[in-house]
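Open the model in your viewer and keep the selection tool at hand. The stops below go from paired charges to a ligand shell and then to a pocket.

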Amino acid sequence: MELNTIERDDIGAAAEDLVVPPAATRKVFVKTYGCQMNVYDSQRMTDALATDGYVATDAVGEADLVLLNTCHIREKAAEKVYSELGRIRELKAERAKAGREMLVGVAGCVAQAEGAEIIRRSPVVDLVIGPQTYHRLPAVLAKARSGEKIVETDYAVEDKFEHLPQPKRAELIRRGVTAFLTVQEGCDKFCTFCVVPYTRGSEVSRPVAQIVAEAERLADAGVREVTLLGQNVNAWHGRGEDCEEWGLGRLLFRLAEIPGLARLRYTTSHPRDMDDELIAAHRDLPTLMPYLHLPVQSGSDRILKAMNRRHMAKDYLTLIDRIRAARNDIALSGDFIVGFPGETEADFEATMQLVEDVNYASAFSFKYSPRPGTPGAEMNDQVPEAVKDERLQRLQALLLKQQQHFGASLVGRTIDTLIEKPGRQAGQKVGRSPWLQPVIVDEKAGEIGDIIQVRITKTGYNSLFAELA
Ligand code: SAH
Ligand code: SF4
Ligand code: F3S
């Protein structure tokens, strides 16, 4: 989905005049926007910065370095960054008055898409760094500290994952019992609405040995549930330990052998890459959680074609039938776009019908947002905002009804729950159901990291309440 050398900013003091804190006492504030892959990337950037003496802080005003890890998927997501930069400009000016430096960096998909334009629009920014160059962060910062403005957006030729340092075990333990692990990055599918192929580059799969080693480190630090990430995670492929070509299904079987890892998930998948082996993994691998996020975007063949999704609505429905035949308790989730150029009322009705046919456990739906440089933005028959609003409301009402129905169907049932963290209210802990819902239990029900059997007593808006079974 979501960087060159420009003139100085307008903050006043020049970087050379400011006190540069010695290594090991520098603080970094990272703010993450967008998808899970950005969450993972922010962690890896923090790990890279730790080797450069930076400690993470939650207090932006105390930060020697502010990093915004940005998302470009819809206009609103991209614009958030500029309003945040406005606030940071004031903080940076205050710190400069006190003689302290504050470097400001923009990373992620806006960085990749807009590059030097970010510094022109927001001169407070010192460095712009694209997702493929995070391993160069310490070198980029060294230059930025000497007062140079940097834009680093080349697609690196070297494998960034090989060069990114691994976090210390204590840091992994601190991060909790669930973790993300990026196995695939980039996209070659070029859906006509989407910026990801431009911001994340072409599809790259990480090698099996690297993934297995990282999963083993996570398990060794007490992680019980790993979610494999990729913009097209089920397009992942690689040479396995047996020298054969593996797909995601085989990889999941291999990761399931790692002691301690009790739960596996993956996201986000494309319907065209759901192969037999992956479906078999859902049938044969109890470790693989019965929840699948499989975006379809639209239920209209005409719109699917215009979106370049390269399948028809009935292909998706047939696929869902096959997946459900393999694992009948699987809960499905999806993404939808309403108001893609040319979408008629009949096209939208086809989407509503598909939703009725599938019956989702949860889903995300968005108004189409024209993105610069994508074919969709150039199409003539853009749908008026008011029509998009109205369709989104109807679709979301239907999806919400299905989600609530799914939650209600679990009341009275006994299910596994992974206890994840203390609850917001005293006396509670929060766990996670196999279908990703938060499960609120009494704090004495188990320790963090335990997988316990609970009986669902009632549903909340987005969560389940349960007692020890
Ligand atoms: N790789 C995934 C999706 C990644 S983007 C897939 O192929 O399905 C996450 C979601 O954002 C998409 O599924 C889509 O629903 C939404 N999205 C992407 N571009 C958008 C745009 N221009 N306007 C509105 N929603 C968009
Ligand atoms: Fe975007 Fe389509 Fe690639 Fe998904 S498959 S990341 S929607 S271009
Ligand atoms: Fe956004 Fe980039 Fe993810 S555009 S959704 S942060 S890959």
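A salt bridge here is a side-chain nitrogen of Lys or Arg within 4 Å of a carboxyl oxygen of Asp or Glu. This is a predicted model, in which local features need pLDDT of at least 70 and side-chain atom pairs count only at pLDDT 80 or more, while totals for chains, interfaces and linings use all residues. Residues are numbered from 1 along each chain as its sequence is written, chains are lettered from A and ligands numbered from 1 in the order in which they are written, and side-chain values use heavy atoms, with hydrogens and water left out.

**Salt bridges**

Select Arg-263 and Glu-225: they form a salt bridge, with the closest N and O atoms 3.1 Å apart. Arg-263 belongs to strand E13 and Glu-225 to strand E10 (residues 225-229), so the pair ties together parts 38 residues apart in sequence. Strands (E, at least two residues) and helices (H or I, at least four) are DSSP runs numbered from the N terminus. Arg-263 is buried, at 2% relative accessible area, and Glu-225 is buried at 0%. Buried means under 20% relative accessible area, exposed over 50%, and partly exposed in between (1.4 Å probe, protein chains only).

Next, select Glu-343, Glu-345, Glu-349, Glu-390, Arg-391 and Arg-394, which salt bridges with shared partners join into one network. The whole structure holds 42 salt bridges.

Now go to Lys-189, whose salt bridge with Asp-273 has its closest N and O atoms 2.6 Å apart. Lys-189 sits in the loop between strand E8 (184-185) and helix H8 (196-200), and Asp-273 in the loop between strand E13 (263-267) and helix H11 (276-284), 84 residues apart. Lys-189 counts as buried, at 9% relative accessibility.

**Ligand 2**

The residues around ligand 2 include Lys-189, Cys-187, Cys-191, Cys-194, His-270 and Arg-309; being around it means having a heavy atom within 4 Å.

**Helix H1**

Select helix H1 (36-50). How many of its 15 residues are buried? Eleven are, so H1 is largely enclosed by the rest of the structure. Among them are Met-37, Tyr-40, Arg-44 and Leu-49.
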